[in-house]
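Good morning, colleagues. Please turn to the sequence and the structure on the screen, which I shall describe briefly.

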Amino acid sequence: MLIAAAKAGDQRALDQLLGNHQNRIYSICRRLTGNDADALDATQEALIAIVRGISRFDGRSAFGTWAYRVATNACLDEIRRRSRRPVPGLVEAAVTTAGATDRDPSDVTAERVDIDRALAVLPEPFRTAVVLRDVAGFDYATIAKVLNIAPGTVRSRIARGRARLVDVFNAKGTQHV
């Protein structure tokens, strides 16, 4: 009902629909892009694309699946744009997560920076699959729909991505991530 109202031009319905998915879209974008600035840009681009394309949403998949595919594409576009820009010299500080109040904020920040660095080492297909599974919490079938690949390919990419992450974290003690 909310989707139909949004497709019919109901601004409140559209705002609610976007609000329901915005945090997860940002979370996906944050882990795929590796920093807040690019994640915010990709999130904004994704939300704009969703608004512009909602009339074409055909309901063959869940709205969230479609929206996360749009977000993933926006992230990949942002990563391609970033590769053409100069690389900043400093690693951006990560923001501590909600619910981590019993932990030292500097430990949480260091952990997030390490995770971002490790994810950045992964080839994009592995990174995308791992983020959609381990950060966004999607099941394999949903990831297959979002990425438009076979479920077996999803499993393979996640397994290979996780194995590379283990290698990166194991090597962390002897070299920089």
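This is a predicted model: local features need pLDDT of at least 70, side-chain atom pairs count only at pLDDT 80 or more; totals for chains, interfaces and linings use all residues.

Which residue lies over the face of Tyr-140, at 5.1 Å from the ring centre? That residue is Arg-133.

The chain comprises 177 residues, of which 38% count as buried. It contains eight helices and zero strands. Read from the N terminus, the order of elements is therefore α-α-α-α-α-α-α-α. If we take the contacts with a separation of 6 or more, 61% of them join residues 24 or more positions apart.

I turn next to one helix pair. The axes of H6, residues 124-135, and H8, residues 151-171, come within 8 Å and cross at roughly 95°. Angles of 65 to 115 degrees count as roughly perpendicular, and H6 and H8 are therefore roughly perpendicular to each other. On the H6 side, the contact is made by Pro-125, Phe-126, Ala-129, Val-130, Arg-133 and Asp-134. H8 contributes Arg-157, Ile-158, Arg-160, Gly-161, Arg-162, Arg-164 and Leu-165. Sorted by class, the residues of this contact are six nonpolar, one polar and six charged.

My next topic is the aromatic residues. Across the whole structure, a search finds four aromatic pairs. In one of them, Phe-57 and Phe-63 have ring centres 5.5 Å apart and planes at 85°, so this pair is edge-to-face. Phe-57 and Phe-63 are both buried. In another, the ring centres of Phe-57 and Trp-66 are 5.3 Å apart and the planes stand at 45°, so that pair is tilted. Trp-66 is buried, as is Phe-57. Together, Phe-57, Phe-63 and Trp-66 form one aromatic cluster.

Finally, I would draw your attention to Thr-65, which lies in helix H4, residues 63-83. Is Thr-65 buried or exposed? Its relative accessible area is 9%; because the cut-off for a buried residue is under 20%, Thr-65 counts as buried. Which residues is Thr-65 in contact with, leaving aside its neighbours within four places in sequence? They are Thr-142, Lys-145 and Val-146.

Thank you for your attention.

How values were computed
Residues are numbered from 1 along each chain as its sequence is written. Side-chain values use heavy atoms; hydrogens and water are left out. Helices (H or I, at least four residues) and strands (E, at least two) are DSSP runs, numbered from the N terminus. Buried means under 20% relative accessible area, exposed over 50%, partly exposed in between (1.4 Å probe, protein chains only). Contact means heavy atoms within 4.5 Å. Axes are lines fitted to C-alpha atoms, for helices over the stretch in contact, and angles run from 0 to 180 degrees between N-to-C directions. Angles under 35 degrees count as roughly parallel, over 145 as roughly antiparallel, 65 to 115 as roughly perpendicular and the rest as oblique. Ala, Val, Leu, Ile, Met, Phe, Trp, Tyr, Cys and Pro count as nonpolar, Asp, Glu, Lys and Arg as charged, and the others, Gly among them, as polar. Rings of Phe, Tyr and Trp (its six-membered ring) pair if their centres lie within 6.5 Å; planes under 30 degrees apart count as stacked, over 60 as edge-to-face and the rest as tilted. A charge sits over a ring if NZ of Lys or CZ of Arg is within 6 Å of the ring centre and within 35 degrees of the ring normal.
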